[in-house]
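Student: I have a protein model open beside its sequence, and I would like to go through it with you one question at a time. Could we keep to what can be read from the coordinates?

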Amino acid sequence: MYQGGYLIGQIHKRTGRRINELLKEQGITEFNGAQGTILYSLWNRESMTIKEIAAVTGLAKTSLTSMLERMRQAGLLVLEDNPQDGRSKIVKLTGKAGDLKEEYESVSASMTECWYRGMQEEEILQFEETLRKVLRNIEEY
């Protein structure tokens with residue numbers, strides 16, 4: 001019996017726990033690993049709608065809305081009315097979130113080292129290509 005789904009689930013859970021530990025070690029208490037995914041998306045773009053963040057992160061809109069509210073309360077982002085669509089909001093980072101980018105990148109680099117420890121570049125590239133195929137399969141199913 002194949003165990004890919006089980007293994008991916010275990011990797012996801014343990015990676016999330018380790019990221020949270022590393023954030024605490026860096027003194028980052030303003031957000032957790034899941035919220036870091038949102039911040040990472042926003043650090044790469046000036047602003048995004050909630051719908052765009054959901055598409056990029058894969059988070060359900062209901063979960064995302066409550067996470068964004070906690071992040072807003074922590075002073076990491078602001079929600080503004082979307083002038084092109086009155087039903088949606090535009091999410092923008094604050095300077096406080098920008099100040100945390102470097103520390104988050106350090107945490108991310110530590111996780112990358114952990115994930116790929118003992119692997120050759122060819123193995124890493126093949127592994128990531130396999131994961132992309134699995135992701136496409138899930139999205140198309």
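Student: In this predicted model, with which residue does Glu129 form a salt bridge?

Tutor: A salt bridge here requires a side-chain nitrogen of Lys or Arg within 4 Å of a carboxyl oxygen of Asp or Glu. For Glu129 the closest N and O atoms of the pair are 3.5 Å apart, so the pair falls within that cut-off. The partner that Glu129 meets in this way is Arg136.

Student: Are Glu129 and Arg136 buried, exposed or partly exposed?

Tutor: Buried means under 20% relative accessible area and exposed means over 50%, with partly exposed in between. Glu129 has a relative accessibility of 29%, while Arg136 has a relative accessible area of 37%. Glu129 therefore counts as partly exposed, and Arg136 is likewise partly exposed.

Student: Which residues are linked with Glu129 in a network of salt bridges?

Tutor: The pairing of Glu129 with Arg136 belongs to a network of salt bridges, and side chains of opposite charge can pair when their charged atoms come close. Besides Glu129 itself, the residues linked in this network are Glu128, Arg132 and Arg136.

Student: How many salt bridges does a search of the whole structure find, and how far apart are the mean positions of the positive and negative charges?

Tutor: The protein carries 19 positive and 21 negative charges, and the search of the whole structure finds 11 salt bridges.

Student: Why are Arg18 and Glu21 about one helical turn apart?

Tutor: Both residues lie in helix H1, which covers residues 4-25, and they are three residues apart within that helix. An α-helix has 3.6 residues a turn, so residues three or four places apart point the same way. Arg18 is partly exposed at 30% relative accessibility, and Glu21 is partly exposed at 41%. Arg18 and Glu21 form a salt bridge in which the distance between the closest N and O atoms is 2.9 Å.

Student: Is Arg14 buried or exposed?

Tutor: Arg14 lies in helix H1, and its C-alpha atom is separated by 37 Å from that of Arg87, a residue 73 positions away along the chain. With the limit for exposed residues set at over 50%, the relative accessibility of 54% found for Arg14 means that this residue counts as exposed.

Student: How many residues of helix H2 are buried, and which residue caps its N-terminal end?

Tutor: Helix H2, residues 33-43, is mostly covered, since eight of its 11 residues are buried; among them are Ile38, Leu39, Leu42 and Trp43. At the N-terminal end of H2, a side-chain oxygen lies 3.1 Å from the backbone nitrogen of Ala34, and the residue that provides this cap is Asn32.

Student: What do the buried residues Gln35 and Ser41 touch, leaving aside neighbours up to four places away in sequence?

Tutor: Gln35 is found in helix H2, and its relative accessible area of 6% makes it buried. Ser41 is also placed in helix H2, and with a relative accessible area of 8% Ser41 is buried. Beyond those sequence neighbours, Gln35 touches Glu30, Met67, Arg70 and Met71, whereas Ser41 is in contact with Met48, Val56 and Thr57.

Student: How many helices and strands does the protein have, and what share of its residues counts as buried?

Tutor: From the N terminus on, the elements follow the order α-α-β-α-α-β-β-α-α-α, which amounts to seven helices and three strands. The C-alpha atoms fill a box of roughly 50 × 40 × 25 Å along the principal axes. Of the 141 residues, the share that counts as buried is 27%.

Notes: Residues are numbered from 1 along each chain as its sequence is written. This is a predicted model: local features need pLDDT of at least 70, side-chain atom pairs count only at pLDDT 80 or more; totals for chains, interfaces and linings use all residues. Side-chain values use heavy atoms; hydrogens and water are left out. Helices (H or I, at least four residues) and strands (E, at least two) are DSSP runs, numbered from the N terminus. Buried means under 20% relative accessible area, exposed over 50%, partly exposed in between (1.4 Å probe, protein chains only). Lys and Arg count as positive and Asp and Glu as negative; His and the chain ends are not counted. The place of a charge is taken as NZ of Lys, CZ of Arg, CG of Asp or CD of Glu. A polar contact is a pair of N or O atoms within 3.5 Å; within protein, one must be able to donate a hydrogen and the other to accept it, and residues adjacent in sequence count only if both atoms are side-chain atoms. Contact means heavy atoms within 4.5 Å.
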